[in-house]
Amino acid sequence: MRYIYRHEMKQYWKTLLLWSVCVGGMGMACILLFSSMQEEMAGMAESFAAMGTFSQAFGMDRLSIATLTGFYATEIGTIHELGGALFAAMLSMTMLSKEEDGHTSEYLFSLPVSRGRVVWMKWSVVCSCLALFHLLCMGFYGMGFALLGEGIPGKEFWLFHGMQFMMGLELAGICFAVSAFFRQNRLGVGMGIVLLFYAFNLVSRVTPEMEKIAFLSPFAYANASEILSGGEIAAGAAALGAAVLILGLGTACVKYVGKDLG
């Protein structure tokens, strides 16, 4: 079992590092740019806040982009949540299906390890990679705040990234279950699932008729503007996310254990 975990981590560490540097580095660069843009942002803040549905969709009606916290929530928060979600989908969509796609399943299941244990070892790799991704990105953002001499809004900062990690696990659980049904890598399907949920979240935030079903999107309980403006999370959406995660893992395990691997 440890061999499987170590082997998978060795395969994915470069991908993990690349995504972390790209997403975290881009976020840090935006934070550092804020000091040179602050005066312009102050003049644009009122205009952005008055842009109706656009402001609501990106949280500019709650926080001012003229402040570093508001800028972080509306700009860096968007970069992080979309980058993290796509990373979770990419990771989990390939974790199971790659064995059949690469014709390595014959060797893997000749080892004295049950299929169920293989599934859980692979899922533990997904969790480890997601946790490291978020910690590395937080390190980049924290460095950006430190270089500007600004303090991090501690409680809200940790709560936001905690919810981002949970959202990543939920999306990974969904994609993990979907990948168990395929014999080849379907990376596009995973990316499509993330973008569909993201678009649904944006539309539901600006359409009164859809407000009651906004909780169906994982992005509903990990929204940067809501958390950083007052530490609010959508508890109902978070509970649903936990249930979906458990269902996804159960589905992946049952399907993969009973699958005819060729």
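Guide: Buried means under 20% relative accessible area, exposed means over 50%, and partly exposed lies in between, with a 1.4 Å probe and protein chains only. This is a predicted model, in which local features need pLDDT of at least 70 and side-chain atom pairs count only at pLDDT 80 or more, while totals for chains, interfaces and linings use all residues. Residues are numbered from 1 along each chain as its sequence is written, and side-chain values use heavy atoms, without hydrogens or water.

Visitor: What makes W123 and F176 an aromatic pair that is tilted?

Guide: Rings of Phe, Tyr and Trp (its six-membered ring) pair if their centres lie within 6.5 Å; planes under 30 degrees apart are stacked, over 60 edge-to-face, and the rest tilted. For W123 and F176 the centres are 5.3 Å apart and the planes 55° apart, so the rings pair and count as tilted. W123 is in helix α6 and F176 in helix α7, 53 residues apart. Both W123 and F176 are buried.

Visitor: Which residues does W123 contact, leaving aside neighbours within four places in sequence?

Guide: W123 is in contact with L169, A172, G173, F176, L245 and L249. Contact means heavy atoms within 4.5 Å.

Visitor: Why is a set of residues called a nonpolar core?

Guide: The name applies to buried Ala, Val, Leu, Ile, Met, Phe, Trp, Tyr and Cys residues joined through side-chain atoms within 4.5 Å. The largest such core has 63 residues, and Y72, F87, L91, W123, L130, Y141 and F176 touch the most other members. Helix α3 (68-95) is one of the elements that supply at least two residues, and the largest share, 14 residues, comes from α3.

Visitor: How do you know how many helices and strands there are?

Guide: Helices (H or I, at least four residues) and strands (E, at least two) are DSSP runs, numbered from the N terminus. The protein chain has 10 helices and zero strands.

Visitor: What makes W13, L17, V21, L132, L135, L136 and W158 a nonpolar patch?

Guide: Patch residues have over 30% relative accessible area and no salt bridge; nonpolar side chains (Val, Leu, Ile, Met, Phe, Trp, Tyr) are joined within 5 Å, like charges within 9 Å. A salt bridge is a side-chain nitrogen of Lys or Arg within 4 Å of a carboxyl oxygen of Asp or Glu. W13, L17, V21, L132, L135, L136 and W158 form such a patch on the surface, with about 700 Å² of accessible area together, by the Shrake-Rupley method with a 1.4 Å probe, only the protein chains shown counting as cover for residues. Helices α1 (2-49) and α6 (115-148) each give two or more residues to the patch, and L135 is found in α6.
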